[in-house]
Structures are given as C-alpha cells and as structure tokens.
Amino acid sequence: MSKIVVISGHPDLEKSHTNTVILKCLEDSPESMDIRRLDRLYPDFRIDVEAEQAALKAADVIVLQFPFHWYAVPALLKKWVDDVFSYNFAYGPEGDKLKGKDFILSLTIGGAEETYDPLGYNHFKIEQFLHPLQQTAYLAGLVYRAPVYTHRMVYIPGVYNRLEDVQSRARDHAGRLLEQIDGLLNSPQARIERFVTEWFRQFDQLPQSSDWFLEHLDRDVNWVMPDGRYSGHAGFRDWYSHARETFRPGCDHQVEQLEVRRSDTGYQVDLRIRLLAETFEGSPFGGEAVNMLVNETWQVSLDAQGRVTIHDYLVEAVDSQA
Ligand SMILES: Cc1cc2nc3c(=O)[nH]c(=O)nc-3n(C[C@H](O)[C@H](O)[C@H](O)COP(=O)(O)O)c2cc1C
C-alpha cells in the first residue's frame with residue numbers, strides 16, 4: 001500500500017509547464033507514491049468517491065498538488081474535496097478516517113512573492129488564502145503541515161518568464177516537497193508521532209485483548225495513573241481490565257498537544273489528551289459521560305526497525321484550579 005498519495009488538481013496537465021515537472025520529479029523519486037491525476041481520471045468532473053477515499057485511507061501523507069487559480073484550488077480539485085470529504089468519512093460521528101494523517105498543500109503560484117503582501121496588489125499573504133483548506137484539515141483531524149509553494153510559475157512565451165526558469169523552480173519545488181515528506185515519514189519524531197496516533201486509535205476501540213498494547217510496553221513498564229501505580233505487563237493487564245469495565249468502546253482520545261524530544265535514554269513524549277467517553281453504569285462514573293483532560297509524559301525507545309517501546313507512562317489529571 002502506498003504511504004504517500006498525491007492528488008494532482010491541475011485541470012489540464014497537457015498545458016502545464018510546472019506541475020508536470022513537479023509530478024515527474026515525484027514519480028522518479030525513490031519513495032513510492034500513488035499519484036492521482038484528476039484531469040485524466042475525471043475529465044467530466046464525476047469523481048469516483050469510493051476509489052478516492054480508499055486511496056486516502058491507505059496513505060500516511062496526503063499531498064494536494066495544484067496551480068493557484070483565482071486565489072484558490074482549481075474547480076476540479078474543489079469538486080474533489082466537496083465529494084470525497086463526506087459525512088462519516090472526514091467529519092460526523094464516524095468521520096475519523098483521515099484523523100492523524102499528514103496533509104501538505106503544494107502549489108504553484110503565478111504572482112511574485114512581493115505582490116502577496118498588504119502593500120502589494122494581491123494584498124494578502126499566501127497563508128491567508130489557504131485558511132479555508134487549513135480549517136478543512138483541522139475539521140477532518142488531518143495534521144496540517146507547512147505548505148510548499150513557489151512563486152513566478154506562470155509561463156507565457158515572450159511575456160512572462162522563461163521556460164527554463166519556471167522549470168528549474170519546479171524542480172527545486174519538488175526537492176523541497178520530497179524533503180518535507182521524508183522528514184514526516186522517516187524522522188524518529190515522525191515515527192513516534194504516528195505511533196501515538198495508533199496508540200490512541202486502539203484505546204478508542206478498547207479491544208478485548210490487550211496484546212497490541214503489551215507488544216509496545218517494556219516488560220518492566222512503570223504505569224502511573226491518577227488512581228495508582230501499576231508495574232510491568234501484569235500491572236498493565238490489571239489496569240486495562242479495569243478501564244474496560246469503566247469506559248465503553250468507541251471513546252475519543254483527542255491529542256491536543258504533542259511534543260517529542262530526545263532524552264538521555266531515548267525520547268520523551270509530552271501530551272495533553274482530552275478523553276470523551278461514555279461509561280458503564282457499574283463504574284465509578286455511574287454511567288455518566290466523561291470529558292476529562294490529562295497531561296501524559298512517556299519515556300520511549302525506538303529500535304532500528306522503527307518500533308516504539310514505552311518504558312514509563314505517567315498520566316496526571318489537569319487540575320482546573322491550577
Ligand atoms: C484560471 C487561472 C487562474 C489563475 N489565478 C491565479 C491567481 O489567482 N494568482 C496567481 O498568482 N496566479 C494565478 N494563475 C497563474 C497560475 O497559478 C500559474 O499559471 C500556474 O501555477 C502554473 O502552473 P502550470 O505551469 O502547471 O500550469 C492563474 C492561472 C489560471 C489559468
């Protein structure tokens with residue numbers, strides 16, 4: 001399965017001078033990518049929503065590659081977003097299918113940098129024009145990463161720019177995009193961040209078996225919760241069975257803050273998590289819905305295969321009086 005999906009929103013790549021160059025560089029890179037050229041797939045604007053959603057589900061990184069058209073995405077790409085980011089896929093009670101995936105806007109822009117300024121004729125910064133897409137990403141639970149963009153990409157022979165200049169800028173653009181993707185997929189921080197996403201996805205489901213969690217816990221793990229300390233795998237099993245008697249499956253762990261930094265023994269992960277959950281009648285919460293905020297500090301290590309092991313797991317309730 002492809003880990004990177006690139007949605008090319010150019011309405012007609014036959015007439016492109018820069019997006020084609022960028023896509024070619026991506027195609028030639030060693031990273032395997034699912035590059036989806038919307039102009040070829042859907043010249044009639046009839047999007048195959050199921051196929052597009054399947055491609056997004058399979059990806060860790062989603063790139064929208066497009067030329068800036070009237071300060072926004074081209075109409076074909078807007079149609080794609082409207083159709084594909086549907087209820088219970090990108091939003092709604094079961095709309096978590098994009099949650100935690102990295103999202104990069106990669107765009108080519110005709111105007112020069114200085115025109116995108118309060119004193120320039122385009123008045124606003126590029127980032128301001130991208131706000132609707134940024135908010136779309138937030139709503140869908142995507143992780144909005146710094147956009148990659150390049151100015152002065154319009155080529156009209158004898159009027160604007162030289163072909164070799166726009167193409168060279170396109171190659172440079174592709175290099176920057178690939179570098180960002182590489183950092184997202186392969187840096188230790190990125191691997192740990194992906195693990196955190198998967199960890200809470202599992203906790204949301206509260207599966208009967210605790211095996212998946214145990215595979216990522218050190219044999220002597222220190223598991224410190226607001227209600228007490230638990231030691232090693234046996235301690236975790238005790239705590240987990242108690243958690244399963246308290247919270248109903250299908251809860252929602254929202255990662256509000258996440259920081260990964262190097263520590264003496266590996267990495268320290270600092271998190272702020274909001275838990276929204278329904279509880280069982282016989283639990284200490286007596287069947288009431290809970291909305292709680294906790295700070296978590298983990299000590300983890302990463303092996304050569306990129307597997308994460310948790311050694312210390314400390315959870316503290318956030319005190320509303322503090
Ligand atoms: C319909 C249309 C609208 C455009 N609108 C803008 C715009 O709002 N701002 C801008 O800087 N460039 C604009 N441009 C220039 C394109 O961004 C530029 O031609 C494109 O990024 C070059 O990519 P390509 O060679 O792959 O087609 C527009 C071009 C077209 C065709």
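Two strands are taken to pair if DSSP finds at least two bridges between them. Helices (H or I, at least four residues) and strands (E, at least two) are DSSP runs, numbered from the N terminus. The model is predicted: local features need pLDDT of at least 70, side-chain atom pairs count only at pLDDT 80 or more, and totals for chains, interfaces and linings use all residues. Residue numbers start from 1 along each chain as its sequence is written.

**View A. Strand β4 and its parallel partners.** Two bridges join β4 (residues 102-108) to β5 (residues 143-144) in parallel, with Val143 as the bridge partner of Asp102. β6 (residues 148-150) is also parallel to β4, over three bridges; there Thr150 partners Thr108. Seven bridges link β4 to the parallel strand β3 (residues 61-67), where Val61 stands opposite Asp102.

**View B. Burial of β4.** Seven of the seven residues of β4 are buried (20 or more other C-beta atoms within 10 Å of the residue's own, C-beta atoms being placed from the backbone). In a regular strand the side chains alternate between the two faces of the sheet. Asp102, Ile104, Ser106 and Thr108 lie on one side of β4, and Phe103, Leu105 and Leu107 on the other.

**View C. Helix α8.** Buried residues of α8 are Ile192, Phe195, Val196, Trp199, Phe200 and Phe203. They cover an arc of only 130 degrees around the axis (from the directions from the helix axis to the C-beta atoms), which puts them on the same side of α8. The buried residues of α8 pack against β9 (252-262), β10 (267-277), β11 (290-302) and β12 (308-317) (contact: C-beta atoms, placed from the backbone, within 7 Å). Just after α8, Leu206 has a positive phi of about 45 degrees.

Key
A residue is buried if 20 or more other C-beta atoms lie within 10 Å of its own, exposed if 12 or fewer, and partly exposed in between; C-beta atoms are placed from the backbone. Two residues are in contact if their C-beta atoms, placed from the backbone, lie within 7 Å.
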